Amino acid sequence: MSGYEGILVSDPWLQSQFTQVELRGLKSKFASAIKQSGKVTLGDLPPVMVNLKGLSEVFDETQIQTILGESSSDMSVEIDFESFLRAYLNLLARATAKSDGPKSKNLSSFLKATTTTLRHSISQSEKASYVSHINSFLRDDKFLKKYLPIDPSGNDLFDLCKDGVLLCKLINVAVPGTIDERAINTKSTLNLWERNENHTLCLNSAKAIGCTVVNIGTQDFIEGRPHLIMGLTSQIIKIQLLADLNLRKTPQLVELVEDSKDVEELFGLPPEKLLLKWMNFHLKKAGYKKQVTNFSSDVKDAEAYAHLLNVLAPEYGNANTLDTKDPTKRAKLVIEHSEKMGCKQYITAKDIVEGTSNLNLAFVAQIFQHRNGLSVDSKKISFAERMADDSQTCREERCFRLWINSLGIDSYVNNVFEDIRTGWVLLEVLDKVCPGSVNWKLASKPPIKMPFRKVENCNQVISIGRDLNFSLVNVAGNDIVQGNKKLILAFLWQLMRFTMFQLLRNLKSRTCGKEITDSDILNWANWKVKSSGRTSRMESFKDKNLSNGIFFLELLSSVEPRVVNWSVVTKKETEEDKRLNATYIISVARKLGCSIFLLPDDIMEVNQKMILILTASIMYWSLLQKDEKHDLTTIEATIEENKEEDENLEASSEASKETAPEGDISNMCTEEKDEENEEPSPSVEDKEPSKEVEKDNPANKGDRE
């Protein structure tokens with residue numbers, strides 16, 4: 001996170017693929033293609049691309065034109081610098097695949113992520129299973145039903161993902177309400193911008209439910225890259241199938257431990273390990289001697305499945321299942337048993353025998369969903385419910401967990417309060433957001449047996465935090481090791497805030513290198529809304545008037561007028577209306593490109609921390625745009641001028657009142673009295689949006705049609 005200097009790219013993933021030296025060189029090549037009209041079209045690129053490093057040895061100009069034509073049949077379409085970079089990455093990937101990998105060190109290291117995806121084989125069995133899942137859960141969707149069912153034998157899945165709608169809908173199946181479907185562009189034919197918006201919405205929403213999307217960009221979906229689409233689809237479906245594998249949703253899981261002291265351990269287990277623990281719990285009841293430790297080699301013979309199903313649903317059992325010597329036949333009998341229970345067929349006998357881990361995990365998760373076989377001991381359930389955190393703590397833990405996982409560090413966090421107690425995860429995060437801040441020679445990597453090593457890690461975390469000017473009075477590393485939730489949440493909030501402000505500060509061309517404060521963000525938001533001709537205002541980040549969402553919709557509309565469809569915005573004050581607006585705000589912000597992890601409740605309740613991050617994220621996106629003409633210094637000067645004008649106007653009004661003779665009313669007084677006699681002006685919620693804004697919003701018009 002130590003600053004992006006020089007050439008900036010709005011897509012962080014795209015920025016990460018190039019060094020500044022490479023960006024400057026490519027920017028120069030792009031500039032050479034600009035004609036007298038000041039534009040670069042798709043048709044202008046082949047003569048430029050053919051001379052670029054890594055392409056000239058593999059393609060000629062005609063071949064490059066053919067490849068570029070795959071993304072758009074209209075070669076006269078205007079191309080910006082970022083589209084130029086994506087086209088270059090695509091051509092480099094094709095060149096590498098054609099030459100069977102880079103044969104020299106001339107190709108930059110950034111190609112690694114791109115080229116490896118082209119050499120991954122696609123499991124046809126997994127694809128068929130995922131297609132079956134999509135056909136089952138989305139068959140009644142109003143928009144998608146005309147494209148379903150998908151044929152698992154072809155490439156229809158990848159083609160259908162090119163407009164972004166399918167994956168957005170699938171995310172909503174996995175975690176209902178994640179995406180406000182009013183924000184999805186669902187016209188029958190989408191232009192490049194609308195498709196890109198859908199993909200941006202999909203990627204930011206996928207991060208918000210726990211998917212790892214590092215090194216995946218919108219262009220990968222537009223091109224329908226099979227491996228990346230399969231990878232994300234697998235994660236989304238896995239999140240759906242494992243949604244109930246936690247004590248909050250299934251408190252009966254407390255039965256898996258004998259001692260109440262071990263309940264805390266269950267809170268920290270990832271869903272996959274909890275599923276294995278559940279499976280072994282029932283296998284022990286069945287007298288099965290082996291321990292299942294994975295969803296591949298340990299279940300290949302299908303014996304564990306046979307015992308598990310006999311315990312959970314003995315009424316559907318077949319006496320021949322365990323007597324059968326052939327693993328394939330036994331696997332077929334197991335699948336028949338599960339189908340009688342109502343489980344969807346995610347797996348084939350071949351998948352079981354070959355140990356396909358993703359599909360075996362999905363199979364066991366399906367069994368758990370249909371019949372978990374756990375007791376309903378009210379005392380144990382009550383104990384588990386008491387152990388659970390309050391809703392506010394849960395929301396903050398969720399937010400920080402998803403944010404940490406989105407950073408692309410090596411560790412994956414399943415439970416913040418448990419997983420960061422060794423200090424290692426926090427050191428990884430600090431090194432990511434503030435490179436060079438961690439002394440890795442003094443750090444110990446998990447598993448850590450000696451407790452004092454954990455304290456050493458956490459002491460270094462606190463020391464770095466103090467260097468970054470965090471407020472850590474009377475806080476020690478041992479507080480993190482002991483799992484002090486209040487202090488952990490306070491530290492993570494300061495770390496998230498620092499990261500957001502660091503991003504803003506690194507936009508030196510916009511911020512003029514100044515230190516960003518909360519007031520700067522507040523003033524920018526109010527200035528942006530006012531400059532668009534609207535009147536709503538945010539007094540502070542805890543202003544209760546923000547709960548209806550109107551201010552943020554106007555802010556989003558001011559930074560990108562076409563992104564808000566005002567016809568779907570509700571102006572009422574009921575809780576349901578506020579929730580609708582809050583959900584829409586989050587989806588629209590993600591659609592723009594904001595990586596945010598708050599929930600609608602955070603807006604409705606005006607959670608000061610989350611409101612600040614939301615506003616700062618919108619500000620960051622806006623300042624990244626090439627057509628943003630104002631920097632913070634200009635904005636501050638404008639704000640000060642407006643304050644002076646208001647003060648002068650007020651002083652003039654007072655002077656007029658004092659000097660006007662009795663019975664003679666000045667113009668200023670007349671205006672004031674007229675205002676007093678007029679009907680109260682409508683509130684922001686009651687005002688109709690500017691017709692000019694709606695008129696300039698063709699995408700939204702298409703959505704309404």
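Helices (H or I, at least four residues) are DSSP runs numbered from the N terminus.

I am working with a predicted model, in which local features need pLDDT of at least 70, side-chain atom pairs count only at pLDDT 80 or more, and totals for chains, interfaces and linings use all residues. Residues are numbered from 1 along each chain as its sequence is written, and side-chain values use heavy atoms, with hydrogens and water left out.

**Entry 1: helix 15 and helix 19**

I looked up helix 15 (residues 303-312) against helix 19, and found an angle of about 10° with the axes 12 Å apart. The two helices are therefore roughly parallel to each other (angles under 35 degrees count as such). From helix 15, Tyr305, Leu308, Leu309 and Leu312 meet Asn360, Phe363, Val364 and Ile367 of helix 19 (contact means heavy atoms within 4.5 Å).

**Entry 2: helix 9**

How many of the 10 residues of helix 9 are buried? I get 9 for helix 9 (residues 165-174), so it is largely enclosed by the rest of the structure. Buried means under 20% relative accessible area (1.4 Å probe, protein chains only). Lys169 and Asn172 are among the buried residues of helix 9. Their cover includes helix 7, helix 8 (156-160), helix 10 (192-208), helix 11 (218-222) and helix 12.

**Entry 3: Leu55**

Next I turned to Leu55, in the loop between helix 3 (45-49) and helix 4 (61-69). Leu55 is buried, at a relative accessible area of 0%. Leaving out residues up to four places away in sequence, Leu55 touches Met49, Val50, Tyr88, Leu91, Leu92 and Ala95.

**Entry 4: the largest cavity**

I also searched the whole structure and found 6 cavities of 30 Å³ or more. A cavity here is a set of points on a 1 Å grid over the protein atoms alone where a 1.4 Å probe fits but cannot get out, and lining residues have an atom within 4 Å of a point. The largest cavity holds about 100 Å³ of space, a volume being the space filled by probe spheres set on the points, which are joined across faces, edges and corners. Helix 7 (124-138), helix 12 (226-241) and helix 19 (357-370) each give at least two residues to its lining. Among the lining residues I noted Tyr130, Lys238 and Asn358.

Conventions:
On a 1 Å grid over the protein atoms alone, a cavity is a set of points where a 1.4 Å probe fits but cannot get out, and a pocket is an open set with protein on both sides within 12 Å along at least five of seven lines; lining residues have an atom within 4 Å of a point. Buried means under 20% relative accessible area, exposed over 50%, partly exposed in between (1.4 Å probe, protein chains only). Axes are lines fitted to C-alpha atoms, for helices over the stretch in contact, and angles run from 0 to 180 degrees between N-to-C directions. Angles under 35 degrees count as roughly parallel, over 145 as roughly antiparallel, 65 to 115 as roughly perpendicular and the rest as oblique.
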